[in-house]
Amino acid sequence: MRFIIQRDRLVQSVQDVMKAVTSRTTIPILTGIKIVATTDGVTLTGSDSDISIESFIPKEEAGDEIAEIKQPGAIVLQAKFFSEIVKKLPTDTVEIHVENQLQTVIRSGKSEFKLNGLDADEYPHLPQIKEENIFKIPTDLLKAMIRQTVFSVSTSETRPILTGVNWKVGNGELTCVATDSHRLALRKAKIETEADESYNVVIPGKSLGELSKILDDNNDLIDIVITENQVLFKAKNLLFFSRLLEGNYPDTSKLIPNESKTNIVVNTKDFLHAIDRASLLAREGRNNVVKFTTIQDGIIEISSNTPEIGNVVEELQSQSIEGEELKISFSAKFMMDALKTLEGSEITISFTGAMRPFVIRPINDDSILQLILPVRTY
């Protein structure tokens with residue numbers, strides 16, 4: 001195998017596939033990156049058997065030559081060393097050449113590295129996915145949906161299914177739900193699907209987080225293929241495979257209250273900043289709890305008290321308060337996480353009592369909601 005390639009394109013692809021490579025693996029060859037050169041271009045692959053990422057660098061793009069393939073072939077190189085080397089090479093082009101016994105020469109300018117490679121035939125094959133059921137979604141929408149839900153997945157392995165995001169597709173709509181049983185995030189969007197396709201799968205939160213980092217910010221359509229135990233995301237020159245979590249996701253629709261006793265409309269930014277300030281003295285205490293109390297004339301009091309440190313009290317003018325008076329306590333972190341995902345300058349918070357879950361929504365937008373369980377403080 002021998003090819004010459006633009007260094008910046010190689011670095012970008014290496015960084016993308018590195019997101020799937022882990023040092024903690026039972027299969028030693030997976031600590032490497034597989035490099036395949038064909039007459040069309042160069043393909044890099046990284047995998048940790050949960051996530052697999054394949055990045056393709058075409059021979060030419062828009063009339064510019066990116067790679068010159070002198071001899072097709074394949075090799076697996078240690079990811080840790082290979083990624084560090086290509087980042088630090090001195091010139092804009094890199095020549096990679098496999099000699100006898102899998103020794104690989106990496107040359108750039110006056111710099112030459114030799115790495116011992118592994119036989120590419122021993123690298124596990126990527127999942128073979130029949131692309132029958134595809135739905136499409138703009139990249140920027142997909143990234144937004146991930147950002148607005150993935151933070152709510154559980155980090156504890158006691159209920160592995162909750163470490164994923166539940167994706168439901170039906171009636172031309174995608175619904176993503178994540179919950180760690182203390183809070184819940186839900187986001188819906190219209191998508192392009194085949195006529196009567198429906199799915200209900202759970203994608204690991206970790207996979208979605210890595211996918212979101214790799215995808216460019218544009219509105220190109222991305223193809224999503226779901227099979228029994230895998231999901232494939234296909235973007236330009238990029239394939240991202242993830243295994244699905246096994247098991248049934250709990251029915252979360254029962255958790256979301258239909259009616260409310262107190263409705264409050266506030267400015268998102270002002271409310272976020274007030275909670276942030278209140279949490280300054282709450283951090284030391286157990287799970288940084290802040291108290292929220294309605295006072296007359298549409299004023300809300302936000303306070304927090306940690307006996308050994310001190311306390312903070314702040315009043316905030318709401319746009320409106322309807323319904324019963326309310327005193328409630330909740331985690332400042334959960335509230336700030338939720339508020340950061342909501343677009344729009346004003347939100348409605350709907351309470352159904354001091355110990356019941358409450359719902360936060362942007363005004364006039366029912367495609368997204370955040371739900372938080374309050375904390376008992378007495």
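How many positive and negative side chains does the protein have, and how far apart do the centres of the two sets lie?

## Charge and model basis

The protein has 42 positive and 54 negative side chains, with the centres of the two sets 5 Å apart. Lys and Arg count as positive, Asp and Glu as negative, while His and the chain ends are not counted; each charge is placed at NZ of Lys, CZ of Arg, CG of Asp or CD of Glu.

This is a predicted model, in which local features need pLDDT of at least 70, side-chain atom pairs count only at pLDDT 80 or more, and totals for chains, interfaces and linings use all residues. Residues are numbered from 1 along each chain as its sequence is written, and side-chain values use heavy atoms, leaving out hydrogens and water.

## Salt bridges

The structure holds 19 salt bridges (a side-chain nitrogen of Lys or Arg within 4 Å of a carboxyl oxygen of Asp or Glu). One of them pairs Glu 61 with Arg 9 at 2.9 Å, N to O. Glu 61 lies in strand S5 and Arg 9 in helix H1, so the bridge ties together parts 52 residues apart in sequence. Helices (H or I, at least four residues) and strands (E, at least two) are DSSP runs, numbered from the N terminus.

Lys 143 and Asp 217 form another salt bridge, at 3.1 Å, N to O. Lys 143 is in helix H3, and Asp 217 is in the loop between helix H4 and strand S17, 74 residues apart. Lys 143 is buried at 16% relative accessible area, whereas Asp 217 is exposed at 67% (buried: under 20%; exposed: over 50%; partly exposed: in between; 1.4 Å probe, protein chains only).
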